[in-house]
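Please examine the sequence and the structure shown below.

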Amino acid sequence: MNVYNQEELARFVEEAKQYARYGKVADYIPALGKANPSELSIAIYTPDDEVVSAGDVTVKVTLQSISKILALALVLMDHGEDDVFRKVGMEPTGDPFNSIAKLEEVQPAKPLNPMINAGALAVTHMIRGRSVEERLGRLLAFVRRLAGNEQITYSKEVAQSEFETAFLNRSLCYFLKQHGIIDEDVEELMDLYTKQCAIEMTCIDLARIGLVFALDGRDPHSGEPLMPLDVARICKTFMVTCGMYNASGEFAIKIGIPAKSGVSGGILAAVPGRCGIGIFGPALDEKGNSLTGIKLLERLSKTYSLSIFGGGNDSENIYGPVSP
Ligand SMILES: NC(=O)CC[C@H](N)C(=O)O
């Protein structure tokens, strides 16, 4: 019997949904603005190949920044640790994900970590292949294996919408190019990056990918390694230190689960050895994380003692009076 119970999960979803009104759907990528802020779905995937879910799990979510962790895993396999960390650092920034501020402070210039946009652009630049199509194809093939779903593809509408409006990301690319961190055509890199961010899937697929990380890179079904153990370890470590942008410290204290969020409202979480969790809740807080998703994860972490830092089951009602 699974410890995660469907009715209980549905109840947690309803509780967390009450917070949707304090959040806001991202609309700086116009196509994301169409999402329904009160949507909330979750899937928990366990090593025995079972899925417990609540909410409408047929809804697809674009990965946005969640894709950064998957691109990182791929380039670590493509190039090895030393080459990757020559171009991108390992330290949290404390700045918003799209901030340009710290780029000027490090000498020689290099983005502080692969989870902020500047670092993610440097990582996407490193995906091997002779063309954007081939590089995207390699990333998609990897993502499909992790999710165990050959149907996964990207949303042309969301990719196009971001491509047409990504002025800040273009300026990050030009900075990186000036400093020799990337050497490709900026429009090509933006083409690949926006398609990478627009890869879409359900929260069940997300949970399955979370489980692969939770199982140190092994396929939950066949046991086959889909990435080396060290790559899974590095990715989970970044999820803890930088996965929720400049809210990662508070998230580590309150929830304590390696996780990566995206401005679409998706969250991918990996509870080492125990489960993968996928969430879609597009009402975002001011830092760009799913507000309802975080409330839901906080409830789960407390109920099932999921924090990797220990701590027990907390029976007190963490919701209290509804306030932001
Ligand atoms: N935080 C995010 O999810 C950002 C991803 C988005 N595609 C961007 O680059 O702005």
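Predicted model: local features only at pLDDT ≥ 70, side-chain atom pairs only at ≥ 80, totals over all residues.

Residues are numbered from 1 along each chain as its sequence is written, and side-chain values use heavy atoms, with hydrogens and water left out.

**The ligand and its surroundings**
- The ligand is surrounded by 13 residues (a heavy atom within 4 Å), and the closest are Y28, Q64, S65, E162 and Y245.
- By class, this shell holds 7 nonpolar, 5 polar and 1 charged residues.

**Polar contacts (pairs of N or O atoms within 3.5 Å)**
- A polar side-chain atom of S65 lies 2.8 Å from an oxygen atom of the ligand.
- For a polar side-chain atom of N117, the distance to an oxygen atom of the ligand is 3.0 Å.
- A polar backbone atom of V263 lies 2.8 Å from an oxygen atom of the ligand.

**Residue S65**
- S65 is in the loop between β3 (61-62) and α2 (67-79).
- Beyond four places in sequence, S65 touches (heavy atoms within 4.5 Å) N117, Y245, K260, S261 and G262.

**Residue Y245**
- Y245 is found in the loop between α10 (229-242) and α11 (248-254).
- Y245 also counts as buried, at 8% relative accessibility.

Conventions: Helix = DSSP H or I, 4+ residues; strand = E, 2+ residues; numbered from the N terminus. Buried < 20%, exposed > 50% of the residue type's maximum accessible area, 1.4 Å probe, protein only. Polar contact = N/O pair within 3.5 Å; in protein donor to acceptor, adjacent residues only side chain to side chain. Nonpolar A, V, L, I, M, F, W, Y, C, P; charged D, E, K, R; others polar.
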